[in-house]
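My notes follow in the order I checked them.

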Amino acid sequence: MGQTLRLKVNGVERIDEVEPRLLLVYYLREVCGLTGTHVGCDTSQCGACTVLLAGAPVKSCNMLALQAEGASLTTIEGLAAPGELHPLQTAFWEQHGLQCGFCTPGFIMAATALLADNPDPSDEEIGRGLEGNLCRCTGYVNIRKAVKAAGEAVRAGAAAPMGG
Amino acid sequence: MAVSQLIGARVQRREDPRLITGRGHFIEDHVLPGLAHMAVVRSPHPHARIVGIDKAAAQSLPGVLAVLTAQDFKAQISGGMPVTPAFAPEKKYVPERFPIAESEVCFQGEPVAVVVATSRALAADAADLVQVEYEPLPAVVDPEAAMVAGSFKAHSDGPDNIGWDMTFAGGDIDAAFAKAEIRVSERILQQRLAPTAIEPRGVMADYSPYDERLTLWLSSQNPHFIRLFVSGAMGLPESHVRVVSPDVGGGFGSKISPYPEDYLVPAASRILSRPVRWIETRTESVMTTIHGRGQVFTAEAAALRDGTLLGLRLTQVLDLGAYHGTFGAFQACACLMSGGVYRWEAISARTVGVLTNKVPTDPYRGAGRPEGTHLCERMVDRVAQELGMDPADLRRKNFAQEFPYVNNFGLTYDSGNYDGTLDRALELVDYPGWRQRQAKAREEGRLIGVGLSTWVEICGFGPSQPTAAATGGIGLVEAAEIRFLPSGSVAAYVGTHAHGQGHDTTFSQIVADTLGVPLAAIEVHHGDTAEGPAFGYGTYGSRSLAVGGMALHQAATVVREKARQLAAHLLEASPDDLDFAQGTFSVRGNPAAHKTVQEVALAAYGGSLPEGMEHGLEAVSYFDPPNFVWPFGAHICVVEVDRDTGAVAIQKYVAVDDCGNVINPMIVEGQLHGGIAQGISQALYEEVVYDQESGQLVTGTMVDYLIPTMNELPVPTLDRTVTPSPTNALGVKGIGEAGTIASSAAVINAICDALSPLGIHHVDMPATPERIWRMIQEAAR
């Protein structure tokens, strides 16, 4: 029943046998053991499952694993080297951009792609970049602040945002 | 003394590093060897008789381990799901609720069978193959229609649909109304809401058949109560059940009460002798996780022409859903809080709980207090409008001023300064400026409105005596334990549960200041019934700091005072002659003679203890608060309504709140941001919709149920005043629900103010463009 899937996840080449119906998010969570990518809605509204595919944000609950054949994926676990933090992770921490933390990986991944394109986004641009992510805890106030702070850090040369 | 080094500081959250790196441990991240997966077969009908269930096709699918129905579970689970007295102790009809339906389904989504299989996808496939034959029955959808004698019944064997019908009498209402110079009345809707934590629910159970132990992992705000309920139903000693509630992705009240799956998953594990897990889908969540609100109020207020409030008479019709929620009657506290921050001669509040064929309602963030506040603040504005009085002036004229203040129902507000928060909010928003801009806009035909909401909240549950009556036995106190380990680090155990509130940080700040140890040496534990004190009371009702934080403070104080005794022995001084500062005991007048608290901790495990002193340095403490706590504040919203489309644009939102002393201002502000967002979202966007004819859920996904993105919400301006609570040593109140309690009224009052030139007095929630556009069209006729 399984089909062969070859791809790169967080810089590591993988070959796995997967069921054709396996969603990318469950491939990441259950086959790769990367549980930082979450499922919140099943219908692509909440964005908790956002990962980067070739640097672009995708909702991994609305993609089959096999559709990622040959791709290079980045998940929240791969955003920074072990023990280090990406500027967005630092900014979410410093700006209190999370409460329960369930939506946070998706926000950070979507914002990573946003800042890679535009490290100095306006309020409107942040709103457009993160319109596919829902948070129920923060009212988004500090998420917005965190994205701005991370943009400043990136512009100051803290580290280049990863793009896949 | 090392007090207030960390208390009051913006300490960055200790829980964040794992969460921002994808290393959190949410329920779906837990797996066990041999884990089987459960899917639930749910009724597609809101009301039907079950004629038969054919399991054969599902059972024959390879990989299916079991197809189980009520028949199977009756041997595993005894009794019905619990219903507490809460604020409506005199119930008329409480339909029995077994976790899975046997002969009649009473809401869409009610479980009728479960499938357990070797994979989640297989379980879902097999669930579709279970053939259930139903005989549909008429669905009861509208609670007001369901109150009428002779209406269809939500349960075919019930006497009627009335769950409770009681009146709270606070003063001589007829005398108050007899003096009235003006009266206003209104009908105010509180739509059903889906709490919508971004993490759905989930349960994993591992029953160990030979030693009869059950471990239950679930996404819960309330693990000890779940252990109490599930152990009882499964016939297990409470001590044989361990409940672990790990990182929880939001609760908002929806993860307090026990759910059918909390019983069905462990029972399935016991039947199969292997671990079983069920993870809720979003559609299951909207369909079967509790809803909040779902109430209709009719109210009449009486006042004098000078603006003096006299009386308030109201009826709350509460849509219970198909069964009483475990804490569903808590929502009747809207009646007790309907007088808000004002002095009334009398209030008479009738509450009627009505059964319908929908998912049960239960506490959702604020639970009764947003409804009470919304009602009160709307009625006060209606009085002001009727009198042509400025709503700020009318409020000031009627504020409770002397504290403690006893309200019409005998509840004692601990402390307050309602003028203080209102004055600051008016200043911050530039109230006179907006009134001028409003007048100018009106000349141009534009619709600008300013809405006030001056609120007070009852929270911090305990005390034990009234809450034991409300839960049916367990008094809501809180327990905490401090263990000073020999090498000087501290383990703190609390019975509350954090799911976004940042307790690891706030509680560490309290312990650090009380014991004089660095933050890094403190580890806060919660969410595992195998650890810490015998019972924990969970997190809801903005109670964690005022009750749990106090329990922790007390336990740490007991430990510190034992350390003082031991330090005195080691220093050959009297305990009374010791100073304690920066974690060091020193002899007054001779600071060279000192012992650090860490040195004392090691000595507590050594061989030189004074006679009569037991070894160790640890303490369990229970805190039973002498009263509730009563945070308060003033919110002001400015809106512009588009006359052509009915769309509402929030121009400014100011919130000045007072939750007593603040441990971590960053976390307090975060709680307000989120709370305000949820209240605004109720005011403008959210509504669970059932088809009025068929009883089918229309808003079953996030496509249909509108959770706002960052583009729909304003950035509020926050400030605070500090009026400590006199009822606890920390002087703290609660802030988790405050924003939600205050904000819907501020938004709707602003919209009504904007629309008042058109003769529109009231707008219901959600104030969607369509609703407002229709009202504008109607008013123009």
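Predicted model: local features only at pLDDT ≥ 70, side-chain atom pairs only at ≥ 80, totals over all residues.

I find 13 of the 13 residues of H16(B) buried, which means that the rest of the structure largely encloses it. I then checked what comes after the helix: B:Gly516 follows H16(B), and its phi is positive, near 70°.

I turned to the contact between the chains. Chain A puts 46 residues into it and chain B 53 residues. The area buried between chain A and chain B comes to about 4100 Å², and carbon and sulfur atoms give 59% of that.

I looked for charged pairs. The rule finds 3 salt bridges across the interface of chain A and chain B. One of them joins A:Arg29 to B:Asp29, with the closest N and O atoms 2.7 Å apart. For polar contacts between chain A and chain B I note 20 residue pairs, both residues at pLDDT 80 or more.

Last, I listed what chain A brings to its side. The elements giving two or more residues to the side that touches chain B are helices H1 (24-31), H2 (87-94), H3 (104-117), H4 (123-129) and H5 (141-155) of chain A. By class, I record 21 nonpolar, 15 polar and 10 charged residues on that side of chain A.

How values were computed. Residues numbered from 1 in each chain as written. Chains lettered and ligands numbered in written order. Heavy atoms only, no water. Contact = heavy atoms within 4.5 Å. Buried area = accessible area lost by both parts, 1.4 Å probe. Salt bridge = Lys/Arg side-chain N within 4 Å of Asp/Glu carboxyl O. Polar contact = N/O pair within 3.5 Å; in protein donor to acceptor, adjacent residues only side chain to side chain. Helix = DSSP H or I, 4+ residues; strand = E, 2+ residues; numbered from the N terminus. Nonpolar A, V, L, I, M, F, W, Y, C, P; charged D, E, K, R; others polar. Buried < 20%, exposed > 50% of the residue type's maximum accessible area, 1.4 Å probe, protein only.
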